[in-house]
Amino acid sequence: MREPLIPVVPMSHTAHIRSHRKPRRNASTLAMRAGVAGGVLSTLAVAGAAGSASAAEPVTQTFEMPTLTADLATQVAQSADATQQAAANYELQAERDAAAANAAKQAKADLADAKKKAEAKTKAEAARKAAAEQAASRSAARTTLSASASTSASTTSTVSAPASGSVATVIAFLKAQVGDAYVMGGTGPNTWDCSGLVQAAFKQVGVDLPRVSQDQSTSGTPVSLSNVQVGDILYWGSAGSAYHVGVYIGNGQYLDAANPSKGVVIQNLSGYPATGAVRVL
């Protein structure tokens, strides 16, 4: 009887090395792999069936994230509140700045107004003081004139009318200019200063007087105020340095080119007593 042949399987040239040997698979490992493979195939089959069923009937699913949505809404609300508060703060600051600017402007205007009022008050006080001093000076002069007039009342009353035709011509010329304007340096025919008017009046009767009041106050014969007659030249200030002249027209009055506000007028000698007088006619 022949013995069965045993096949000889050639070995790898690395088979004798342990690390090069293929690990053996035991029965439990193979069974586990088979189970896993079967489970996967079963899952795929079920998924396929579900897919077929869902293809026939569409299903809509909604996923909600309540926690995330609430947090986001809170953040948006807080951001809106912060923005609104910032806007309110900016508006309040703008109103405060505008109010401060207006207050500063008003304070500046009030200060300027107060300064103007103070200056006006100072000027008014100075004017009042000057007027009082001038009134006192006139009062003293008036007292002196009254004393002189009381000693020669009869003499003064006798010269109310012109003494001659020449004087009458001078007085008539002067009265014809009443109402004309006063202009410094004026010599007629419609504007005069004090000495220009006196010079023109006496020129009507051929008397040539100097042009200015200083020289006119020393022309002719000096006379006292108690002996003054119609047609005499009155002057204010010292003889030779008089600052104003006029002509006596009788009844305690004189005619002159007074000043820019009055022009040529007739005035009472008692209101503004003269310093002296000269007679040229």
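## Ile171 and its contacts

Ile171 is in contact with Val230, Gly231, Val247, Tyr248 and Ile249, leaving aside neighbours within four places in sequence. The model is predicted.

Ile171 is also one of the residues with the most contacts inside the largest nonpolar core.

## The nonpolar cores

H5 gives the largest share, 6 residues.

A second core is separate and has 9 residues. Val223, Leu234, Trp236 and Leu269 are among them.

## Helix H4

H4 runs for 12 residues. From first C-alpha to last it reaches 16 Å, close to the 16 Å expected at 1.5 Å a residue.

Its buried residues are Val167, Val170, Ile171, Phe173 and Leu174. Seen down the axis of H4, they fall within an arc of 160°, so they line one face of the helix. The face turned away from this buried side carries Gly165 and Ala176, both exposed. The cover over the buried residues of H4 includes strand S2 (191-192), H5, S5 and S6.

## Asp232, a buried acidic side chain

Where does Asp232 lie? Asp232 sits in the loop between strand S3 (221-223) and strand S4 (233-236). Is Asp232 buried or exposed? Its relative accessible area is 2%, under the 20% cut-off, so Asp232 counts as buried.

The side chain of Asp232 has polar partners. A polar atom of this side chain lies 2.7 Å from the backbone nitrogen of Gln229. The side chain of Asp232 also makes a polar contact with the side chain of Arg279, at 2.9 Å. Not counting residues up to four places away in sequence, Asp232 touches Val223, Asn227, Gly246, Val247, Tyr248, Val278 and Arg279. Val223 belongs to the second core. Val247 and Tyr248 are also in contact with Ile171.

## The S6–S7 hairpin

Strand S6 (residues 253-259) pairs with strand S7 (residues 263-268). The sense is antiparallel, over 6 bridges. A hairpin of 3 residues joins S6 to S7. Which residue in S7 is the bridge partner of Asn259? The partner is Gly263.

Key. Residues numbered from 1 in each chain as written. Predicted model: local features only at pLDDT ≥ 70, side-chain atom pairs only at ≥ 80, totals over all residues. Heavy atoms only, no water. Helix = DSSP H or I, 4+ residues; strand = E, 2+ residues; numbered from the N terminus. Buried < 20%, exposed > 50% of the residue type's maximum accessible area, 1.4 Å probe, protein only. Polar contact = N/O pair within 3.5 Å; in protein donor to acceptor, adjacent residues only side chain to side chain. Contact = heavy atoms within 4.5 Å. Pairing = 2+ DSSP bridges. Core = buried A, V, L, I, M, F, W, Y, C linked by side-chain atoms within 4.5 Å. Expected span 1.5 Å × (residues − 1). Arc of directions from axis to C-beta.
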